[in-house]
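Dear colleague,

I am handing over the structure we spoke about, and below it you will find my notes on what turned up when I went through it. Please read them with the coordinates open beside you.

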Amino acid sequence: MEGIVRILRRFVATTIIVSLFLLIFNFILLGSLVFKEINQKPSPEGVVKEVAESVVMEEDNYIIGEQVVKLLQDNQAWAMLLDDNGHVQWDYHLPIDVPRSYNMIDVAKFSRYYLMDYPVYIWVHKDGLVVVGYPKDSYGKYQLNFLSDWVRTLPLRLLWLLLLNVTVALLVSIVIGTRLIRGIRPLVAGVHSLAKNEAVQLNTKGIFGDLAQSINAGSAILQDKTTALKTRDEARSNWIAGISHDIRTPLSMVLGYSSEMEDNSDLPKEQRYQAGIIRRQGEKLRSLVSDLNLVSMLEYEMQPLHLKCVRLSVLARQVVVDFFNNGLGNHYDIELVLTDEAVGINGDEKLLLRAINNLVQNSVRHNPQGCKIILETFLDKDRAQYHLIVRDNGRGIPQEQLSRITELPYSLNRRRSIQQGHGLGLPMVARIAHAHHGRLNLSSDPDKKGLEAVLEFPLQLKNKTGE
Amino acid sequence: MENLKDKKILIVDDEPEIRLMIERFLRKEGFFRVFTAEDCASALSSCRRDKPDIAILDVMLPDGDGFSLLSSIRQFSDMPVLFLSACGEDEDRLLGLGLGADDYIVKPFLPRELVLRLMAVLRRVYSSPVTDHLTVFRLGEQTIDLDSAIVRNNQQELPLTAKEHDILVKLYENQGRIVTSDALCQAVWGDDSYGYENTLMVHIRRVREKIESDPSNPIHLLTVRGLGYKLLVKENQ
């Protein structure tokens, strides 16, 4: 909406500037094009003035200069000098139909208009009046009369003219602009919806019909692709869920009978020991199956999140206590450095607990010789991200494996390495972080020894989503 | 306790091997009235005919799912029901428990786990409340009676306040294991309990004054620095 108002404002401003420019341009055109040939050079007034100045008395005869004669010839004009009594004293090519004598009324008449249809111009001479006549129909003579009031208020009137022009331009531009915007608004909304990956169905009538059609087509393609992608993800996830489901029943049997044999005091010790191995491997398989299922659900964004305000410091402490309670060896030393404990993030408690547990488990499993593990929580300086760091001083991970360690095992990019675990631990952590709009950063500095895993979560998602 | 083994148990699962295995385990544990069914229809008829005291239901059955089977059973019987399912998702678990199941066990399971949970349900439903025991335990010289919230020793009886009682219950439930101060605060003050750590310390000190012979050098209620507390109960004393 704001964008549309901005467009309208710019459109109106542009229209006003354009119309002002057009007005000025028109004035210039009026001056240079329309009034350019209003009279030829030299003007009749100029000619008559020159004639009057060059007519001189010489030995009882009036003569004129050669140049003036040429001027009159060029204009095909004639000239005469009237004395005080209205008699022609001198003339130059005076047409025959023009009288040789005038009274006061005649002079008054032709001084304004025509003399026998000849446009004539007059100039005062010291001996009388010089009259220059131009050929018939060569000039039109018009009288302009103005009220002096009118002349005085002319600047104001011009200002009004300008203002009215601007107002009309403004109104016209607003009307046209609004109509245009009304046409554009659905398109704008459509494009915005496209960006949000929502289905768009615009009316394809109107001047922007083809554009609306394209947007509709784009939306349809996008929706189809999203649906196809979702179907495929769902199929994959369901496939893994189905496999893990089908593994559970036979695994129940393996676990059931092996643990029964393990507890059976009638069997020799050797067989019971072997049954114990089968049971432990069965349990490993059980955790692999459920982890695989969880990771695949997270990967295809099908894992439901039970969100609530969770304090990571509490979870970190819980994880450490669980390790101690489950008999963590004395060669592991776990230290907690918890700050900003009051701060909670919006998250799924079970999944986050699992993530932290996996990170600690990872440090424990890969350093059977023992190591020091530090769990640290803190809020970063701009109070936007909450960090949880699990750091150990153990063997670390070689740089070349570090970038791929969070990819799913069995994928093309990740080579199978010799490891004790099933390799789903860190990919699961990365996906849990992703599901919470956070991320997992792993670094292993060869100088400092050990692995550092940093979990970053944005603070209070619900502020953004407005829940 | 012995009469619990007389209870009739119905096992509903479409896999014959699973039925056989569970029946075997249960018989080994001393249950002798075990019935089996392979689908909803036969399960329902068995319910009407044999009147079992408890049922173990699979979720996926050839002619329907365990959830709707439970709903059908509920129309005429209030017997306790355990789900034994290969679907371990939270949604299924919550759906099952929400329908009124007494427990939800995910396959694969260990037989001991199944039997223990089955016994727990049976005890809860069929044992008379009198046998549902008073929680009384000994700590060195003192005897702690959690049900009447009293600490007894040779000379006197000390009452426990409500908070002290809650703390001791939580610690006793997890005896020998570290309980985080967060979990203790939550047990005592509820979900939004941040900021009660110092109050908790005060309460712990009061508990020690009642249960320890030398409260400054506790031997039963131990502090695990930075993490929480641990209650050591030596049963044989």
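Asp340(A) sits in the loop of chain A that runs between β9 (332-338) and β10 (345-348), and its phi is positive, about 50°, although the residue is not a glycine. Since the model is a predicted one, please take this backbone angle, like every other value in this message, as computed from predicted coordinates. With 15 other C-beta atoms within 10 Å, Asp340(A) is partly exposed, because a residue is counted as exposed at 12 or fewer such neighbours and as buried at 20 or more.

Asp137(A) also has a positive phi without being a glycine, in this case near 65°. Asp137(A) is placed in the loop between β7 (128-133) and α5 (148-152) of chain A, and it counts as exposed because it has 9 C-beta neighbours inside 10 Å.

Of the contacts in chain A that link residues at least 6 apart in sequence, 64% are between residues at least 24 apart.

On the α9(A) side the contact involves Leu312(A), Leu315(A), Ala316(A), Gln318(A), Val319(A) and Phe323(A), which meet Leu352(A), Leu353(A), Ile356(A), Asn357(A) and Val360(A) of α10(A). By residue class, this contact consists of nine nonpolar residues and two polar ones, with no charged residue.

The next topic is the contact between the chains, to which chain A gives 25 residues and chain B gives 24.

Which helix of chain B packs with α7(A) at an angle of about 30°? It is α1(B), residues 16-28, and the axes of the two helices are 10 Å apart. That angle makes α7(A) roughly parallel to α1(B), and α7(A) passes α1(B) in a left-handed crossing. The residues that make this contact are Thr249(A), Ser252(A), Met253(A), Gly256(A) and Tyr257(A) on α7(A), together with Glu17(B), Ile18(B), Met21(B) and Phe25(B) on α1(B). Sorted by class, they are five nonpolar, three polar and one charged.

In chain B itself, helix α2 (residues 40-50) has Cys40(B), Ala43(B) and Cys47(B) as buried residues. These three cover an arc of only 60° around the axis, which means that they lie on the same side of α2(B). The face of α2(B) turned away from that buried side carries Ser45(B), Arg48(B) and Arg49(B), which are exposed. As for their partners, the buried residues of α2(B) pack against β1 (9-12), β2 (34-37), β4 (60-61), β5 (64-65) and α3 (66-74) of chain B. Just after α2(B), the backbone of Lys51(B) takes a positive phi of about 50°.

Two loops of chain B remain. Pro108(B) is found in the loop between β7 (103-106) and α5 (111-126) of chain B, and the peptide bond joining Lys107(B) to Pro108(B) is cis, with omega about -5°. Gly195(B), for its part, lies in the loop between α7 (181-189) and α8 (197-211) of chain B, and it is exposed, with 11 other C-beta atoms within 10 Å. Although Gly195(B) and Asp182(B) are 13 residues apart along the chain, their C-alpha atoms are separated by 9.6 Å.

Conventions:
Residues are numbered from 1 along each chain as its sequence is written. Chains are lettered from A and ligands numbered from 1 in the order in which they are written. This is a predicted model: local features need pLDDT of at least 70, side-chain atom pairs count only at pLDDT 80 or more; totals for chains, interfaces and linings use all residues. Two residues are in contact if their C-beta atoms, placed from the backbone, lie within 7 Å. Axes are lines fitted to C-alpha atoms, for helices over the stretch in contact, and angles run from 0 to 180 degrees between N-to-C directions. Helices (H or I, at least four residues) and strands (E, at least two) are DSSP runs, numbered from the N terminus. Angles under 35 degrees count as roughly parallel, over 145 as roughly antiparallel, 65 to 115 as roughly perpendicular and the rest as oblique. A crossing is left-handed if the near helix is turned anticlockwise from the far one by less than a right angle, and right-handed if clockwise. Ala, Val, Leu, Ile, Met, Phe, Trp, Tyr, Cys and Pro count as nonpolar, Asp, Glu, Lys and Arg as charged, and the others, Gly among them, as polar. The arc is that of the directions from the helix axis to the C-beta atoms.
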